[in-house]
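The points are grouped by topic.

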Amino acid sequence: DIFEDEVLTPARSKGDGLRLLWALADEFLSHLERDVFPGGCFFAAVGAEFDTHPGRVKERIAAFIEDWGRQLVDAATQAQQAGEIQDAPEPEQLAFEVNALLLMGHATYTMFGDPALLERSRRGLERLLGPRPSR
């Protein structure tokens, strides 16, 4: 519920397509900067801890991660269909790369606490997606 309130709901209010893709990324990074969860993103942290442990906890984390990925894929698909970004790579690959930048930002920021590391993620996103759309 906290992730929904702090990341997903604010992002969805920004539009769809490329606006949504950028908003999901920005809100994810923002929730790290605001220390919503001690130790960074709760799901990224517990996902790394429970990924090799079968059971209900792993299943719940996997469901969350799948849903997050699906939201990134849907936004990428919308952006490509609207002609806001190129058709290649396919939406699944684009979403994977966006998430990789976010998770590396998460890992390094939570390890070292340096906001410049989140800026590295933002610069990578800009190279991948182009500039943020104007409002």
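Asp67 and Arg70 stand three residues apart in helix 4, and are therefore separated by about one helical turn. Their side chains form a salt bridge in which the closest N and O atoms are 3.8 Å apart. In this predicted model, the count of salt bridges comes to seven.

**Salt bridges**

- Glu6 and Arg34 meet through their side chains in a salt bridge of 2.5 Å, N to O. This pair links distant parts of the chain, since Glu6 belongs to helix 1 and Arg34 to the loop between helix 2 and helix 3, 28 residues apart.
- Glu6 counts as partly exposed at 27% relative accessibility, and Arg34 counts as partly exposed at 40%.
- A salt bridge of 2.9 Å, N to O, joins the side chains of Arg122 and Glu33. Because Arg122 lies in helix 6 and Glu33 in helix 2, the pair ties together parts that are 89 residues apart in sequence.
- Arg122 is buried, with a relative accessible area of 13%, whereas Glu33 is partly exposed at 32%.
- Glu33 and Arg122 also belong, with Glu119, to a network of salt bridges.

**Packing of helix 5**

- Helix 5 (residues 91–112) and helix 6 (residues 115–129) have axes that come within 8 Å and cross at roughly 170°, which means that helix 5 is roughly antiparallel to helix 6.
- Residues in this contact include Leu94, Leu101 and Phe112 of helix 5, together with Pro115, Leu118 and Leu129 of helix 6. By class, the contact has twelve nonpolar, five polar and one charged residues.
- Helix 2 (residues 18–33) packs with helix 5 at an angle of about 10°, their axes being 10 Å apart; helix 2 is therefore roughly parallel to helix 5.
- Leu21, Ala25, Phe28, Leu29, Leu32 and Glu33 of helix 2 meet Leu94, Leu102, Leu103, His106 and Tyr109 of helix 5. These residues divide into nine nonpolar, one polar and one charged.

**The buried face of helix 1**

- In helix 1 (residues 2–12), the residues Phe3, Val7, Leu8 and Ala11 are buried. Viewed down the axis of helix 1, its buried residues fall within an arc of 80°, so they line one face of the helix.
- The buried residues of helix 1 pack against helix 2, helix 3 (42–50) and helix 4 (56–81).

Notes
Residues are numbered from 1 along each chain as its sequence is written. This is a predicted model: local features need pLDDT of at least 70, side-chain atom pairs count only at pLDDT 80 or more; totals for chains, interfaces and linings use all residues. Side-chain values use heavy atoms; hydrogens and water are left out. Axes are lines fitted to C-alpha atoms, for helices over the stretch in contact, and angles run from 0 to 180 degrees between N-to-C directions. Helices (H or I, at least four residues) and strands (E, at least two) are DSSP runs, numbered from the N terminus. Angles under 35 degrees count as roughly parallel, over 145 as roughly antiparallel, 65 to 115 as roughly perpendicular and the rest as oblique. Contact means heavy atoms within 4.5 Å. Ala, Val, Leu, Ile, Met, Phe, Trp, Tyr, Cys and Pro count as nonpolar, Asp, Glu, Lys and Arg as charged, and the others, Gly among them, as polar. Buried means under 20% relative accessible area, exposed over 50%, partly exposed in between (1.4 Å probe, protein chains only). The arc is that of the directions from the helix axis to the C-beta atoms. A salt bridge is a side-chain nitrogen of Lys or Arg within 4 Å of a carboxyl oxygen of Asp or Glu.
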